[in-house]
Amino acid sequence: MSLDTTAPILVQPETEEMILARQRKAVHRRRRNTWLLRLAIVVAWLGSWELTATYFIDPFFYSKPSLIWARLAHWFTVGTDFGSIWYQMWTTVSEAVLGFLIGAAAGVVLGVILGRSQYLADVLAPFIKAANAVPRIVLASLFVIWFGLGLGSKVATVIVLVFFAVFFNAFTGAREVDRNLIDNARILGARRLQVLKSIVLPSATSWILSSLHTAFGFALIGAVVGEYAGSKAGVGFLISNAQGTFDSAGIYAAMIIITVVALVAEWGIGHLENRLLRWRPSMSHTSDQAVI
C-alpha cells in the first residue's frame, strides 16, 4: 500500500490574535533578556571591584561595594553624623526642585521671546554667551558669599545651571516654527499673542520638554555643588565631609543616592512628556529595535 505524496497539505492561517500574541511574547522575551544582561553586567562589575579591592588595591582609597552597602545601610537605619539621611536628601531635593522651577520658567520665557524677536536676540546674544561661559563653580562660591550658607545660595546655583539648558532649547524651538503656519494665522486675523499661544508654544513644547531631562540633572548637580562649596546640610555636605575625613565609601554612597533621585526624576519627567505629547506619532517597536 503506497502513500499519496501528491495530496495537498492544509496550513491553518494565523489569526490576528495569534500574530499579536506572538509579537507580545517576542517583546516580553526581548525585555527580559535586556534586563538579565544588565543585571549580569552590574554583577560582574561589582564582583570584580570587590575582588580587586580585597586582594590587589587598598580599599581605604578606592572603597569596595560591601563597604558602600554597609554605609548606606547605616545611614538609612541609624542616620548620618549630622542627622537623618532623609533630612539630608530633602534638603538637596528641595533646593534642586525650587531652582529647577525658577530656572526652567525663566529659560522658557526668555528663550521664546528672543526666538521670536530677531532684534532682541541680536542685542542680547553677546551677553548671554558671556554669561554662559562663566564657570559655574566660581558662581557657586560667589553665591555662598552673597547669600550665605542657607537655601538662597544653592537655589541661585541651580537656577544658573538650569536656565541655560532650557533657554537654548526654547530659543531653537521658537525659531523652528513653520513660517507658513504663522503667516496663515496672521492672514486669518490672529494677533501676536494668539500666534504665540496657539502656534509657537505648542511647536516648541517638544524642544522644551526634551531639555527638562537634562535640566533636572543639572539642578541636582547645582544643588550638590552649592552644598559642597558651603552649607550646613544636604547630600553635597555629606560628600564634602566624607572627603575631609578620607571616607571614600561615604562619597560613593552619596553618589548612589543622587543617582537614584535623578533616575526617579527622569522617570517622572518622561511620564509627563508622554502625557503632554500624546498627539505625536509614536515610533514602532521595529524602528526602536533597528536603532538599538
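Axes are lines fitted to C-alpha atoms, for helices over the stretch in contact, and angles run from 0 to 180 degrees between N-to-C directions. Helices are DSSP runs of H or I with at least four residues, and strands are runs of E with at least two, numbered from the N terminus. The model is a predicted one, in which local features need pLDDT of at least 70 and side-chain atom pairs count only at pLDDT 80 or more, while totals for chains, interfaces and linings use all residues. Residues are numbered from 1 along each chain as its sequence is written, and side-chain values use heavy atoms, with hydrogens and water left out.

| Helix pair | Angle | Distance between axes |
|---|---|---|
| α4 and α7 | about 30 degrees | 6 Å |
| α6 and α7 | about 150 degrees | 8 Å |
| α4 and α10 | about 115 degrees | 7 Å |

α4 passes α7 in a right-handed crossing, where right-handed means that the near helix is turned clockwise from the far one by less than a right angle, and left-handed that it is turned anticlockwise. The contact of α4 with α7 has 21 nonpolar, five polar and four charged residues; here Ala, Val, Leu, Ile, Met, Phe, Trp, Tyr, Cys and Pro count as nonpolar, Asp, Glu, Lys and Arg as charged, and the others, Gly among them, as polar.

α6 also passes α7 in a right-handed crossing. The contact (heavy atoms within 4.5 Å) involves residues of α6 including L139, F143 and F147, and residues of α7 including A156, V160 and F164. The residues of this contact divide into nine nonpolar, three polar and one charged.

Helix α4 spans residues 85-116 and helix α10 residues 235-244. Their contact is made by I85, Q88, M89 and T92 of α4 together with V235, G236 and L238 of α10, and by class these are four nonpolar, three polar and no charged residues.

The structure holds one salt bridge, a term for a side-chain nitrogen of Lys or Arg within 4 Å of a carboxyl oxygen of Asp or Glu. R71 forms the salt bridge with D247, and the closest N and O atoms are 2.2 Å apart. The pair links distant parts of the chain, with R71 in helix α3 and D247 in the loop between α10 and α11, 176 residues apart.
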